[in-house]
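Visitor: I have a model open and a list of labels to check. Please take me through them one by one.

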Amino acid sequence: MKIDPPIKSVLYQAYYGSRTLSGIEREAKVTMEVFYYLVFGVMAAVVAALKMSKRNKDQNTSSPFNSFKTYVLVFSIMMAGDWLQGPYVYYLYSTYGFGKRDIGQLFIAGFGSSMLFGTIVGSLADKQDRKRACVTYCIVYILSCITKHSPQYRVLMVGRILGGIATSLLNSAFESCLAHC
């Protein structure tokens with residue numbers, strides 16, 4: 001099978017990485033940014049609509065059901081934030097010039113920290129304040145996302161560890177808060 005030279009060049013850059021962005025990569029970056037702004041706008045509109053409708057809510061609805069609706073909304077927004085950045089992290093690391101081995105180590109660090117801290121975070125959320133654990137998730141996840149703006153390997157490693165801790169909080173603190181708040 002013969003591959004055209006332009007396609008071969010794009011495949012080479014995608015596989016080995018490059019610090020310069022080709023036209024296709026620039027288009028992909030712009031498209032990704034537009035997608036993020038679109039999703040953010042839609043989510044903001046949904047939150048605003050729900051907030052407005054909360055003022056006119058039906059008095060017949062039970063309080064536990066209203067709490068569950070709030071939980072589902074907040075948890076969905078948090079999970080969407082986690083899922084939105086997930087598919088693009090590998091590409092981001094490759095544009096920083098890291099190879100498969102370094103990127104693999106970054107991913108293993110994130111999953112490993114989630115495994116290690118997941119056993120601790122849940123019990124801490126139960127012993128401490130559950131709502132505080134939810135706020136802690138937001139702070140830790142914001143810090144994790146901020147580290148992605150740095151091309152330094154050590155900073156990215158700290159970010160992956162913070163991301164693992166945040167994932168553990170996401171999957172324990174919010175459910176714990178639903179059950180007991």
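Visitor: Why does Val89 count as buried?

Guide: The model is predicted, so local features need pLDDT of at least 70 and side-chain atom pairs count only at pLDDT 80 or more, while totals for chains, interfaces and linings use all residues. Residues are numbered from 1 along each chain as its sequence is written, and side-chain values use heavy atoms, with hydrogens and water left out. Buried means under 20% relative accessible area, exposed means over 50%, and partly exposed is in between (1.4 Å probe, protein chains only). Val89 has 3% relative accessibility, so Val89 counts as buried.

Visitor: Where is Val89 found, and what does Val89 touch?

Guide: Val89 is in helix α4. Helices are DSSP runs of H or I with at least four residues, strands are runs of E with at least two, and both are numbered from the N terminus. Leaving out residues up to four places away in sequence, Val89 touches Phe107, Lys148 and Arg160. Contact means heavy atoms within 4.5 Å. Ile103 is 14 residues from Val89 in sequence and 9.4 Å away, C-alpha to C-alpha.

Visitor: How many helices and strands are in the protein chain?

Guide: The protein chain has 8 helices and 0 strands. Along the sequence the pattern reads α-α-α-α-α-α-α-α. Of the 181 residues, 28% are buried. Among contacts with a separation of 6 or more, 79% come from residues 24 or more positions apart.

Visitor: What makes Tyr93 and Phe107 an edge-to-face pair?

Guide: A pair of aromatic rings is described by the distance of the centres and the angle of the planes. Rings of Phe, Tyr and Trp (its six-membered ring) pair if their centres lie within 6.5 Å; planes under 30 degrees apart are stacked, over 60 edge-to-face, and the rest tilted. By this rule the count is 4 aromatic pairs. For Tyr93 and Phe107 the centres are 6.1 Å apart and the planes make 70°, an edge-to-face pair. The pair links distant parts of the chain: Tyr93 is in helix α4 (residues 89-95), Phe107 is in helix α5 (residues 100-127), and they are 14 residues apart. Tyr93, Phe107 and Phe111 form one aromatic cluster.

Visitor: Is Tyr93 buried or exposed?

Guide: Tyr93 has 1% relative accessibility, so Tyr93 counts as buried.

Visitor: How do you know that the charged end of Arg160 sits over the ring of Phe107?

Guide: A charge sits over a ring if NZ of Lys or CZ of Arg is within 6 Å of the ring centre and within 35 degrees of the ring normal. The charged end of Arg160 is 4.5 Å from the centre of the Phe107 ring, and sits over that ring.

Visitor: Why is α6 called roughly antiparallel to α7?

Guide: Two packed helices are described by the angle between their axes and the distance between the axes. Axes are lines fitted to C-alpha atoms, for helices over the stretch in contact, and angles run from 0 to 180 degrees between N-to-C directions. Helix α6 (residues 130-147) and helix α7 (residues 153-170) pack at about 155°, with axes 8 Å apart. That angle makes α6 roughly antiparallel to α7. The cut-offs are under 35 degrees for roughly parallel, over 145 for roughly antiparallel, 65 to 115 for roughly perpendicular, and oblique for the rest.

Visitor: Why is Leu143 called partly exposed?

Guide: Leu143 has a relative accessible area of 40%, so Leu143 is partly exposed. Leu143 is in helix α6.

Visitor: What makes Ser168 buried?

Guide: Ser168 has a relative accessible area of 7%, so Ser168 is buried. Ser168 is in helix α7. Neighbours within four places in sequence aside, Ser168 contacts Ser114, Phe117, Gly118 and Val121.
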